[in-house]
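Colleague: I would like a close look at one part of this model, namely how its chains meet. Please take the interfaces one at a time.

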There are 4 protein chains.
Amino acid sequence: MPFTTTRRVEFGDTDMAGIMHFSNFFRFMEVAETDFLHSLGMSVSWWTDGVKWGFPRVSVSCDFTRPARFEDVLTIAVVVERLGTKSVTYRFDFGNQHGDPVATGRITTVLCRTTAAHQFESTEIPAEFRAKLEEQVA
Amino acid sequence: MPFTTTRRVEFGDTDMAGIMHFSNFFRFMEVAETDFLHSLGMSVSWWTDGVKWGFPRVSVSCDFTRPARFEDVLTIAVVVERLGTKSVTYRFDFGNQHGDPVATGRITTVLCRTTAAHQFESTEIPAEFRAKLEEQVA
Amino acid sequence: MPFTTTRRVEFGDTDMAGIMHFSNFFRFMEVAETDFLHSLGMSVSWWTDGVKWGFPRVSVSCDFTRPARFEDVLTIAVVVERLGTKSVTYRFDFGNQHGDPVATGRITTVLCRTTAAHQFESTEIPAEFRAKLEEQVA
Amino acid sequence: MPFTTTRRVEFGDTDMAGIMHFSNFFRFMEVAETDFLHSLGMSVSWWTDGVKWGFPRVSVSCDFTRPARFEDVLTIAVVVERLGTKSVTYRFDFGNQHGDPVATGRITTVLCRTTAAHQFESTEIPAEFRAKLEEQVA
């Protein structure tokens, strides 16, 4: 069973077409990624010994099946689709409270050290994190 | 030469990594799409004879080459990559003020009538619009 | 005891200063308002007999005491500060997971009918809603 | 004559009520503040000698007169309403392309040094900046 979380579509997430603005699906994916990483004792951004770590995105996509509307409660299933040396590719399957599929998205991120001046240097995923993520590969 | 527009990265477009939040690239694509359609005398949403028309998205993606930062002025080149009976696929090439490539995105939209209750019905692109878009196919 | 809800600060809610972008406090207020109205069996937008109702904002404000940061879980207490014939003024008190005050905001909304063409007409709050809101006046 | 800038309401700025979401007025104010500061050779965030400076917000408000809609081009007049030792209060008057008033907002900011760990320390506005801002006091 994949990790699953939920998030409600808020009024401010909608646009004048009466549906969730498509860009907000990526915000929802990031929330689901944070929930997923929390469930493993990890996060998307943290400090260790004065070094800031993060997961900038290198490639993202989303296919939309059905609109999401105000007050819909979306279920988001998260799996690791591919685990590289430095990168993780997640797949996010969105459904609504009626059990209908809504969208499927993907985010590929690369682990990076960040300097104080916001420069990024990609780095290998530490063995401890890798072990946790490997268990979640679909 | 493709249609080109520009947009500055605002403070509110950034995130705590010090770069433009990745979801905002899709907002920038939509702005560029609006500018592009305006240049053809069209828009992304309009009313005719009591019917509301629009272009809901069915598939979107973005590949990121280089971060965009606060006060960067991004150049966005827009081309029609594919023109279907009911759908349009745009490609957006982002560069920064230094001439560096930043990102490449794609949006596939389907022309729809929208009812007052925000239901969508896909429909063929009228000949007049098709003629204008065909001239922009890359 | 006022109505209270919680919401986590997401990565996409932050800006390059490393804190929640100030405009997002208003999005959080709206989420808290929705939660509050749901607790009374109401909402911020609904349809009855082909008429769309809503609560456009006429005046909003926020005073910030302390930054909110990524992964902070904010507690938001909601009270009705003033109930007019057509308007409601809410006060929202934000605190963080350490019990520190973070911000205090206010939103004044007016009940409106909305036409299909998105025109607004202010209207008196029905007795049934008024009775529910009156019980929540601070 | 106050400093004036313009910004178009984008599709992604709207909500399901068919108007610009109220929180986006604050994003527009920040864009106008950036344009205003640029016109004086300043910015809202910068680095000098390894120190990061910025203007976190301590108090903001907005009164709404009339909805802003997709493709409206808003004119935003910016004045310094009050200049304190460490703080600046701006007023923003929004109008639309028809010359109608739309909203009036205010932002009070405090000049701060920011550490690498995103801690803020308020500081006096340097004489050079103060001189430029004083000329803009309404």
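By what turn, and with what shift along the axis, can chain B be laid on chain A? Please go on from there to what each contact is made of.

Modeller: The model is predicted, so what follows describes computed coordinates. Chain B is laid on chain A by a turn of 180 degrees with a shift of 0.0 Å along the axis, and the RMSD is 0.0 Å. The C-alpha of chain B nearest that axis belongs to Ser61(B), at 2.0 Å. The copies meet through the same surface, because 100% of the interface residues of chain B are also interface residues in chain A.

Strand β4 of chain A, residues 57-64, runs antiparallel to β4(B), and five bridges join the two strands. Within this pairing, Ser61(A) has Ser61(B) as its bridge partner.

Next, the extent of this contact. Chain B contributes 28 residues and chain A contributes 28 residues. Interface size is often expressed as the accessible area lost when the parts come together. For chain B and chain A the buried area is about 2,300 Å², with 56% of it on carbon and sulfur atoms. There are 12 residue pairs in polar contact between these chains, counting pairs with both residues at pLDDT 80 or more. The number of salt bridges between chain B and chain A is zero.

On the side of chain B that touches chain A, the elements giving two or more residues are α1 (24-39) and β4 (57-64) of chain B. The largest share comes from β4(B), with eight residues. Sorted by class, that side of chain B holds 13 nonpolar, nine polar and six charged residues.

The other contact to consider is that of chain A with chain C. Here a rotation of 180 degrees, with 0.0 Å of shift along its axis, superposes chain A on chain C at an RMSD of 0.0 Å. The two copies are therefore related as by a two-fold rotation axis. In chain A, Arg7(A) has the C-alpha nearest the axis, 5.5 Å from it. The same surface serves both copies, since 100% of the contact residues of chain A recur in chain C.

Chain A gives 19 residues to this contact and chain C gives 19 residues. Between them, chain A and chain C bury about 1,500 Å², of which 45% lies on carbon and sulfur atoms.

Four salt bridges are found across the interface of chain A and chain C. In a salt bridge between these chains, the side chains of Arg8(C) and Asp35(A) meet at 2.8 Å, N to O. Polar contacts between chain A and chain C come to 10 residue pairs, with both residues at pLDDT 80 or more.

On the side of chain A that touches chain C, β1 (3-8) and α1 (24-39) of chain A are the elements that give two or more residues. The largest share, six residues, comes from α1(A). By class, this side of chain A divides into five nonpolar, six polar and eight charged residues.

To put the two contacts next to each other: chain B and chain A have zero salt bridges, whereas chain A and chain C have four. The largest share of the side of chain B that touches chain A comes from β4(B), while that of the side of chain A that touches chain C comes from α1(A).

Notes. Residues are numbered from 1 along each chain as its sequence is written. Chains are lettered from A and ligands numbered from 1 in the order in which they are written. This is a predicted model: local features need pLDDT of at least 70, side-chain atom pairs count only at pLDDT 80 or more; totals for chains, interfaces and linings use all residues. Side-chain values use heavy atoms; hydrogens and water are left out. Copies are superposed by least squares on the C-alpha atoms of residues with pLDDT of at least 70 in both. Contact means heavy atoms within 4.5 Å. Buried area is the accessible area (1.4 Å probe) that two parts lose on being put together, summed over both. A polar contact is a pair of N or O atoms within 3.5 Å; within protein, one must be able to donate a hydrogen and the other to accept it, and residues adjacent in sequence count only if both atoms are side-chain atoms. Helices (H or I, at least four residues) and strands (E, at least two) are DSSP runs, numbered from the N terminus. Ala, Val, Leu, Ile, Met, Phe, Trp, Tyr, Cys and Pro count as nonpolar, Asp, Glu, Lys and Arg as charged, and the others, Gly among them, as polar. Two strands pair if DSSP finds at least two bridges between them.
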